Amino acid sequence: MEAQITIASVKSGAIRGTLQRIAGRPPIQPISFSPREVTREEMAKDCKSGYSENWDNYDDYNNFPDAPYPE
Amino acid sequence: MNGKETIVLTAPMRIIVPVIKVVGDLCNMRCSYCFYHLRDQTVGKVMSSPLLEKFVREYLEIFPGEICLNWHGGEPLLAGIRFFEEIVEFEKKYNCEKRLIRNTVQTNGTLITEKWASFFRRYEFGVGVSVDGAERTHSRFRKMVGGKGSFLRTLHGIELLRSTGIEPAIIQTVTRSSTGVATARENFAFFFEELGIKQLGINFFHDVTRTNDDVVGESVASDDIVRLLKTYFEGWLARNDSHIRIREIDHLIGGVMGKRATTCNWSGSCTGFFCLDADGTVYPSCDRMSDRNDLVIGNLSKSPLREILNSRKRVDYAQKVNTVPSACHECKWLLACYNGCALHREESPVGRYLFCDARKALFEYVERRLTELTVPSQSIVT
């Protein structure tokens, strides 16, 4: 899936901006959808310090401009 | 299913995110394509203060860390500014850990006043405004109760927001008639040249229930989506402004580049949300499913939120939604798509994504265009 496309090699400024914006996002990989029972403490450990395995995506529910994750 | 102090997560998110319909279906507009069109939108009940307080208290007790509360409707501003002041008051009261609480509101923009704009600015609400495009597109379906188009009122609301320093994110609902190349170009120019927006998200209209006589023939098909997004993609490339973000293009490029998407219907996180209606009714995913009485998982006025979210009915629903059709496992783009929005699936919410063909075609198209726009000799890793 990953093409040999990089920020520096792309001629379009719009695409370079997008690549910079999404650079910090986690890679696509198979994820588990199995229901998992967690405590509040376990959820807290998974709170963002950058991205985590169980990352958040709620910021885009309404498409808000200043997403709370590093971009 | 579990003990008192745990919660069952069913999506690849660390918490479950609420969408709160503060006035139920009540709205001051009658958009032809609204998914509440079968409901009586003339009556509404603002969520009671005790219910609001119960929700904020229990939600903050259950979920740690940064949280985001999405205040929706109907038209949420019909709840009145006092209701929103109460939201902030309850958040202060129960946010003992002083963590970041993000409030977002999705509005049609027509009720925004200087007072509302100042309030949103003061308390740092994210504001999303629904705009369908240039006036002839927007006002065709987005009408006030009396039948007049809402275009000027919505734009006035955006002006007021901007006067306080808020740059709203725009959500465009796209019907088939706005996917023609000429109309798409006109709307693209309106958004990015005339209105000067920087953030656009696109919702595609599909009359799932086929019960809406006002929009017969307006449901999009895969070809329509491909045509529109190719037009936007090429317009976006030509404009070449790195500050303009079109959500769907972000996800297409992200998918090609092997990055996970940030939106529910591209990342398989439908059941990472729940919907709380004004009367306390809780649904197991976002507000788009809140016309489905068969999906109700509880009522917050009668039960604790934890008990509702941990209910077997919610978990069973999640497992249905999260099970993709077998054909998806053969698809190159599965991990960038996850079978799309559960609302737009054959035999919703369990079947194949209705716009599967569009997704595949668009990923292939964007992959090819990125390759064409890349200088082959360089290979610097992002």
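Colleague: Let's start with a term: a residue is buried if 20 or more other C-beta atoms lie within 10 Å of its own, exposed if 12 or fewer, and partly exposed in between, with C-beta atoms placed from the backbone. What share of chain A is buried?

Modeller: Of the 71 residues in chain A, 32% are buried. This is a predicted model, where local features need pLDDT of at least 70, side-chain atom pairs count only at pLDDT 80 or more, and totals for chains, interfaces and linings use all residues. Residues are numbered from 1 along each chain as its sequence is written, while chains are lettered from A and ligands numbered from 1 in the order in which they are written.

Colleague: What is the average pLDDT of chain B?

Modeller: pLDDT is the predictor's confidence in each residue, from 0 to 100. Chain B averages 92, and 97% of its residues score at least 70.

Colleague: In what order do the elements of chain A run?

Modeller: Helices (H or I, at least four residues) and strands (E, at least two) are DSSP runs, numbered from the N terminus. Chain A runs α-β-α from that end.

Colleague: Which strands stand at the edges of the sheet in chain B?

Modeller: Strands of a sheet pair through backbone hydrogen bonds, either parallel or antiparallel. Two strands count as paired if DSSP finds at least two bridges between them. In chain B, 10 strands form an open, mixed sheet ordered β8-β7-β6-β5-β4-β3-β2-β9-β10-β11. β8 (245-246) and β11 (298-299) of chain B are at the edges with a single partner strand each, so one side of each has no neighbour in the sheet.

Colleague: How many bridges join β2 and β3 of chain B?

Modeller: They pair in the parallel sense over 3 bridges, and Ile20(B) has Trp71(B) in β3(B) as its bridge partner.
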